[in-house]
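Reader: I have a model open here and would like to go through it with you, one topic at a time. Could you start with the backbone and then move on to the pockets?

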Amino acid sequence: MKGVRLQILNASTESEIDAAFAALADLHADALIVGDSVFFTARREQLVALASRYAVPVIERWREFTVSGGLISYGPSLTDTNRQLGIYAGKILNGAKPADLPVQQPTTFELVVNLKTAKALALTVPPSILARADEVIE
């Protein structure tokens, strides 16, 4: 065990997101992992602004979070996922039965690192992470 203490903070409204970041400060949290939810994806700008305000390193699933100023994202390619959704929609519109289509898992994952954000947080990103990154924002 590395002595890592995990706290789970829930938020289902914008004001609860604000309160969760304030709680992070009270908990002296070293970082935040944002759960996968359309709710959080739609509030990307709020999350980035609060992460900056509270100087909290945040990792999220979609690269768009990191492009907007978040520190790191790792997850499936949103572009690839939406392309697959379009292909499935086309098949259904052409008469395929949804129940006959196989369930697919993402196959393309992206690691994106924002070095501008790392610098603002006074963090050094290890070279091993930078070498693995699909995109580094400088």
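Author: Bearing in mind that this is a predicted model, a place to begin is Ala55, which follows helix α3 and has a positive phi, near 55°.

Reader: Okay, and which residues of helix α3 are buried?

Author: Helix α3, which covers residues 44-53, has Gln46, Leu47, Val48, Leu50 and Ala51 as its buried residues.

Reader: What do those buried residues of α3 pack against?

Author: The buried residues of α3 pack against α1 and α2 (38-41), and also against the strand β2 (58-60) and the helix α4 (63-67).

Reader: Switching to pockets, how much space lies in the largest pocket, and what lines it?

Author: The largest pocket holds about 670 Å³ of space, and its lining is made up of 23 residues, with Gln7, Leu24, Ala31, Leu32 and Ile33 lying nearest the centre. Two elements, α1 (14-27) and β1 (32-33), each give two or more residues to this lining, and α1 gives the most, with five.

Reader: What's the make-up of that lining by class?

Author: The lining of the largest pocket has 17 nonpolar residues, along with four polar and two charged ones.

Reader: And the second largest pocket, how much space is there, and which residues are closest to its centre?

Author: About 280 Å³ of space lies in the second largest pocket, which is lined by 16 residues, and Thr81, Gln84, Gln104, Gln105 and Pro106 are the closest to its centre.

Notes: Residues are numbered from 1 along each chain as its sequence is written. This is a predicted model: local features need pLDDT of at least 70, side-chain atom pairs count only at pLDDT 80 or more; totals for chains, interfaces and linings use all residues. Side-chain values use heavy atoms; hydrogens and water are left out. On a 1 Å grid over the protein atoms alone, a cavity is a set of points where a 1.4 Å probe fits but cannot get out, and a pocket is an open set with protein on both sides within 12 Å along at least five of seven lines; lining residues have an atom within 4 Å of a point. Grid points are joined across faces, edges and corners, and a volume is the space filled by probe spheres set on the points. Helices (H or I, at least four residues) and strands (E, at least two) are DSSP runs, numbered from the N terminus. Ala, Val, Leu, Ile, Met, Phe, Trp, Tyr, Cys and Pro count as nonpolar, Asp, Glu, Lys and Arg as charged, and the others, Gly among them, as polar. Buried means under 20% relative accessible area, exposed over 50%, partly exposed in between (1.4 Å probe, protein chains only). Contact means heavy atoms within 4.5 Å.
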